[in-house]
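Please find below some notes for a colleague who is meeting this structure for the first time. They are meant to be read with the structure in view.

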Amino acid sequence: YKDIHLVLAGPDENMYPTLKALVQKNKLESRVHIISFLENIERSQALHGCGFLVIPSRHDAMSIVVLEAGLASKPVLITKQAGFSIIERINGGVVCNADVESLTSGVSNLLEMNEQQLNELGNNLFFFVKENYTWDVIVKKVENLYEKLIPKITIG
């Protein structure tokens with residue numbers, strides 16, 4: 001995949017020297033870019049400019065960046081440890097194990113897709129996020145919950 005650029009955003013300070021050394025050792029500085037944490041506008045620009053998002057987490061629960069990728073209509077690859085396997089059921093990306101072989105396979109599958117296939121996955125994720133995770137939807141769910149709970153509350 002010689003025409004692909006890999007952007008590693010926000011690796012912690014402990015991982016940065018190791019990642020940088022690997023990139024230099026393999027002479028990949030022109031194609032592998034290690035950047036720090038991205039603020040809101042930069043993150044939005046990066047998401048809109050990417051082909052897809054990969055979150056190779058071994059421990060984290062579902063990251064909000066998955067929802068942000070969905071709002072940018074970008075498919076995602078996440079691990080089963082992320083706790084958001086619905087991504088696969090809605091056909092919004094790939095869910096895999098948090099090991100090198102599974103991540104490699106998942107990324108390769110996404111890289112083999114054409115632009116139309118990636119757009120379809122991204123659009124599926126967009127509509128899922130829009131229908132389930134926007135502020136209007138969340139506020140309505142909270143209002144409905146309170147309406148159910150308030151009549152049941154007794155004072156004194």
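**Notes on the predicted model**

1. The sheet. Three strands make up an open sheet in the order β3-β4-β5, and their pairing is parallel. Its edges are formed by β3 (53-55) and β5 (93-96), each of which pairs on one side only. From one strand to the next the twist averages 10°. The model is a predicted one, and this applies to every point that follows.

2. Pairing inside the sheet. Strand β4 covers residues 76-79 and pairs with β3 in the parallel sense, over 3 bridges. Within this part of the sheet, V54 stands opposite L77 in β4.

3. A helix across the sheet. Helix α5, residues 100-112, lies across β3, β4 and β5. The helix α5 runs at about 165° to β4.

4. The largest nonpolar core. This core has 17 residues. The residues with the most contacts inside it are L53, V66, V76, I78, F84 and I87. Two or more residues each come from β3, α3 (64-71), β4 and α6 (115-132). The helix α3 gives the most, with 4 residues.

5. The second core. A separate core of 8 residues is also present, and L77, V94, C96 and L103 are among its members. L77 is also the residue of β4 that V54 stands opposite.

6. R43 belongs to helix α2, which spans residues 40-49. Is R43 buried or exposed? R43 counts as buried because its relative accessible area is 16%, and the cut-off for buried is under 20%. Leaving aside neighbours within four places in sequence, R43 is in contact with F37, L38, V65 and E68. With E68 there is a side-chain polar contact of 2.8 Å.

7. Salt bridges. How many salt bridges does the count come to? The count comes to 2. In one of them the side chains of E68 and R43 meet, at 2.8 Å from N to O. E68 lies in helix α3 and R43 in helix α2, so this pair ties together parts that are 25 residues apart in sequence. E68 is partly exposed, at a relative accessible area of 24%, whereas R43 is buried at 16%.

8. E143 forms a salt bridge with K140, and their closest N and O atoms are 3.9 Å apart. Both residues are in helix α7 (residues 135-149); they are 3 residues apart, so about one helical turn separates them. E143 is partly exposed, with a relative accessible area of 38%. K140 is partly exposed too, at 45% relative accessibility.

9. Most residues other than glycine have a negative phi. Which value does phi take at K27? Phi of K27 is near 55°, which is positive although the residue is not glycine. K27 is found in the loop between α1 (16-25) and β2 (32-35). K27 counts as exposed because its relative accessibility is 68%, and exposed means over 50%.

10. A further positive phi. Phi of N91 is near 60°, again a positive value in a residue other than glycine. The loop that holds N91 lies between α4 (86-89) and β5. With a relative accessible area of 35%, N91 is partly exposed.

Note on methods. Residues are numbered from 1 along each chain as its sequence is written. This is a predicted model: local features need pLDDT of at least 70, side-chain atom pairs count only at pLDDT 80 or more; totals for chains, interfaces and linings use all residues. Side-chain values use heavy atoms; hydrogens and water are left out. Buried means under 20% relative accessible area, exposed over 50%, partly exposed in between (1.4 Å probe, protein chains only). A polar contact is a pair of N or O atoms within 3.5 Å; within protein, one must be able to donate a hydrogen and the other to accept it, and residues adjacent in sequence count only if both atoms are side-chain atoms. Contact means heavy atoms within 4.5 Å. Two strands pair if DSSP finds at least two bridges between them. Axes are lines fitted to C-alpha atoms, for helices over the stretch in contact, and angles run from 0 to 180 degrees between N-to-C directions. A nonpolar core is a set of buried Ala, Val, Leu, Ile, Met, Phe, Trp, Tyr and Cys residues joined through side-chain atoms within 4.5 Å. A salt bridge is a side-chain nitrogen of Lys or Arg within 4 Å of a carboxyl oxygen of Asp or Glu.
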